[in-house]
Amino acid sequence: MYVGRFVVVGPGIGAYRVSSRSFPNRRVMDRDGTLTVGPTPDAPETDNPYIAYNCVREGGDYVVVGNGSQVDPIAEKLDLGYTPRDALVEILLALDYEKDDYDTPRIAGVVGAEDAYIGIVRKDALLVTAVEEPTLVATYEADEPRAFDLSADTAADAARELYDHEFEHAVCAAAATVTDSVETAFYNGN
Ligand SMILES: NC(=O)c1ncn([C@@H]2O[C@H](COP(=O)(O)O)[C@@H](O)[C@H]2O)c1NC=O
């Protein structure tokens with residue numbers, strides 16, 4: 001099954017995978033603790049505005065994961081003291097789904113040491129909810145939050161677990177754990 005990009009978040013852990021049919025030449029890089037998705041050096045040039053962005057970033061006492069430019073303003077709202085619910089609702093509503101050929105939804109998660117929230121804005125809906133257990137939401141097909149059987153309890157294992165998941169067209173993955181401190185990791189398939 002092809003679900004496009006997906007996030008998995010639960011209290012203390014969050015992960016994100018890029019799956020892509022159209023733009024497979026991409027990788028995750030670490031820039032001062034923020035994880036960024038971008039093209040590999042050999043990638044064809046494109047003017048698509050949705051394929052390079054920060055996918056894992058700290059905000060307040062939380063870590064934000066997501067599939068686009070919403071990650072930055074959500075993190076900034078958390079820095080300002082917004083609750084995760086309010087930061088997700090406000091920014092997902094403001095930016096809305098992507099204006100591409102697929103009306104691709106924006107997806108995001110907010111992970112704290114003891115709590116987690118997941119959200120999606122589609123053309124027909126805005127859903128934001130707290131979650132108690134690892135929960136997945138994806139851009140296509142699996143575009144309602146659903147339980148996900150995540151085995152990993154480290155960031156490195158979570159990135160690898162999402163990369164290896166059976167959903168088609170894996171490109172790269174990133175993850176974070178949140179305790180007293182934040183650990184991040186990524187996996188580009190090599
Ligand atoms: N976040 C991403 O990495 C990302 N990659 C591709 N997209 C969008 O989704 C469309 C479909 O891409 P694909 O066929 O690779 O699933 C692309 O034209 C692009 O507008 C993205 N936007 C949202 O997921």
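Residues are numbered from 1 along each chain as its sequence is written. Because the model is predicted, local features require pLDDT of at least 70 and side-chain atom pairs count only at pLDDT 80 or more, while totals for chains, interfaces and linings use all residues. Helices (H or I, at least four residues) and strands (E, at least two) are DSSP runs, numbered from the N terminus. Two strands pair if DSSP finds at least two bridges between them.

The bridge partner of Gly 109 in β8 is Ile 118.

Val 64 belongs to strand β6 (residues 62-66). With 35 other C-beta atoms within 10 Å, Val 64 is buried. A residue is termed buried if 20 or more other C-beta atoms lie within 10 Å of its own, exposed if 12 or fewer, and partly exposed in between, with C-beta atoms placed from the backbone. Apart from neighbours within four places in sequence, Val 64 is in contact with Arg 57, Gly 59, Val 71, Ile 74, Ala 75, Leu 78, Ala 108 and Val 110. Leu 88 lies 24 residues from Val 64 along the chain, and the C-alpha atoms of the two are separated by 9.6 Å.

The axes of helix α1 (residues 71-79) and helix α2 (residues 84-95) come within 9 Å and cross at roughly 145°. The crossing of α1 and α2 is right-handed (left-handed if the near helix is turned anticlockwise from the far one by less than a right angle, right-handed if clockwise). On the α1 side the contact involves Pro 73, Ile 74, Lys 77 and Leu 78, which meet Pro 84, Ala 87, Leu 88, Glu 90 and Ile 91 in α2. These residues divide into 7 nonpolar, no polar and 2 charged. Ala, Val, Leu, Ile, Met, Phe, Trp, Tyr, Cys and Pro count as nonpolar, Asp, Glu, Lys and Arg as charged, and the others, Gly among them, as polar.

A further open sheet has 6 strands in the order β11-β10-β1-β2-β12-β13, again with antiparallel pairing. Its edge strands, β11 (146-147) and β13 (182-187), each pair on one side only. Strand β10 (residues 135-138) pairs with β11 in the antiparallel sense over 2 bridges, and Thr 135 stands opposite Ala 147 in β11. Helix α3 (residues 155-164) packs on this sheet, where it touches β1 (6-10), β2 (13-19), β12 (170-178) and β13; the direction of α3 makes about 150° with that of β12. In α3 the buried residues are Ala 155, Ala 158, Ala 159, Glu 161, Leu 162 and Tyr 163. Their cover includes β1, β2, β12 and β13.

Strand β12 is largely enclosed by the rest of the structure, because 8 of its 9 residues are buried. Antiparallel strands β2 and β12 are joined by 7 bridges, and Gly 14 stands opposite Ala 176 in β12. Strands β12 and β13, also antiparallel, share 6 bridges and are joined by a hairpin through 3 residues. In β13, Glu 183 is the bridge partner of Thr 177 and Phe 186 that of Ala 174.

The ligand is surrounded by 18 residues, of which Ser 20, Arg 21, Ser 22, Tyr 50 and Asp 100 are the closest. A residue is near a molecule or strand if its C-beta atom, placed from the backbone, lies within 6 Å of it. By class, the shell comprises 6 nonpolar, 8 polar and 4 charged residues.

Definitions and conventions: Two residues are in contact if their C-beta atoms, placed from the backbone, lie within 7 Å. Axes are lines fitted to C-alpha atoms, for helices over the stretch in contact, and angles run from 0 to 180 degrees between N-to-C directions.
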